[in-house]
Amino acid sequence: GAVVSQHPSWVICKSGTSVKIECRSLDFQATTMFWYRQFPKQSLMLMATSNEGSKATYEQGVEKDKFLINHASLTLSTLTVTSAHPEDSSFYICSARHSPNYGYTFGSGTRLTVV
Amino acid sequence: GDSVTQMEGPVTLSEEAFLTINCTYTATGYPSLFWYVQYPGEGLQLLLKATKADDKGSNKGFEATYRKETTSFHLEKGSVQVSDSAVYFCALSAALSGGSYIPTFGRGTSLIVHP
């Protein structure tokens, strides 16, 4: 149980275009999902907390107009990287918590490459 | 704020060697503690967890004991295999006001096991 599906696994896009990444909780409802960015050989950087039915909470330094988050249902959150640039190339990972103290289940990640 | 400190890697071992990856934390209250593993090119997977002091989490030969007196959660394995080569993240989850939980991750420790 507690499976989180993330799609796509990898994407290559042209500079200036937008890319949408989906994160789904397959067998549980997640009122809160988390979006992380991971730079090579570094830890996870929390970008934002996605809240079902309300606005996402962004961490300091993360541009909310650049990284649009929508959490329209209890099982789906999306992250859209708008007007992507090469510096946005990174590994993006979503996660959700099944229940208190259960631990966070992570999606398999999305490798974004902007050319 | 809450924080997690992990030993810097990479940790390089020969197969069947004993593994210890140190993790210490600072947190208010009584957090839950986790170890996650990330294999190359993949997302994070929960390896083990402990929710209260003196709890021992274990999985796949890995163990970690929640030590409140030393605020530590060191990861150990008696005999590592080449397939254990990955990045290991220590994390904590503490309740915030309002009942939400925000995870905090260490920087990750890369483990390289040679045949």
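Leaving aside neighbours within four places in sequence, which residues is Thr78(A) in contact with? In this predicted model, the list runs to Lys20(A), Ile21(A), Glu22(A), Trp35(A), Leu68(A), Ile69(A) and Asn70(A). Thr78(A) itself sits in strand S8 of chain A, which covers residues 76-81. With a relative accessible area of 10%, Thr78(A) falls under the 20% cut-off, so the residue counts as buried.

Things look rather different over at Ile12(A). This residue belongs to strand S2 of chain A, residues 10-13, and is exposed, its relative accessible area being 55%. Together with Trp10(A) and Val115(A), Ile12(A) makes up a nonpolar surface patch of about 380 Å².

Next come the charged pairs. Over all chains, the count of salt bridges comes to five. One of them joins Arg24(A) to Glu22(A), with 3.5 Å between the closest N and O atoms. Both partners are partly exposed: Arg24(A) has a relative accessible area of 35%, and Glu22(A) has 24%. Glu22(A) also turns up among the contacts of Thr78(A).

Another salt bridge in chain A ties Lys66(A) to Asp88(A), and here the closest N and O atoms are 2.7 Å apart. This pair links distant parts of the chain, 22 residues apart: Lys66(A) is in the loop between strand S6 (57-58) and strand S7 (67-73), while Asp88(A) is in the loop between S8 and strand S9 (90-97). Lys66(A) is buried, at 11% relative accessibility, and Asp88(A) is buried too, at 5%.

Chain B has a salt bridge between buried partners as well. The side chains of Lys77(B) and Asp84(B) meet at 2.8 Å, N to O. Lys77(B) counts as buried because its relative accessibility is 10%, and Asp84(B) is likewise buried, with a relative accessible area of 7%.

Chain B also holds an open sheet of four strands, arranged in the order S3-S9-S8-S7 with antiparallel pairing. Its edges are strand S3 (19-21) and strand S7 (56-59), each of which pairs on one side only. On average, neighbouring strands in this sheet are turned by 15° against each other, direction ignored.

At one end of that order, S7(B) runs antiparallel to strand S8 (residues 62-65) of chain B, and four bridges join the two. Within this pairing, Lys56(B) stands opposite Thr65(B), and Ser58(B) stands opposite Glu63(B). The hairpin formed by S7(B) and S8(B) has two residues between the strands, and in it Lys60(B) takes a positive phi near 55°.

Key
Residues numbered from 1 in each chain as written. Chains lettered and ligands numbered in written order. Predicted model: local features only at pLDDT ≥ 70, side-chain atom pairs only at ≥ 80, totals over all residues. Heavy atoms only, no water. Patch = residues over 30% accessible without salt bridge, like charges linked within 9 Å, V, L, I, M, F, W, Y side chains within 5 Å. Areas by Shrake-Rupley, 256 points an atom, 1.4 Å probe, with all protein chains shown as cover. Salt bridge = Lys/Arg side-chain N within 4 Å of Asp/Glu carboxyl O. Buried < 20%, exposed > 50% of the residue type's maximum accessible area, 1.4 Å probe, protein only. Contact = heavy atoms within 4.5 Å. Pairing = 2+ DSSP bridges. Axes fitted to C-alpha atoms, helices over the stretch in contact; angles between N-to-C directions.
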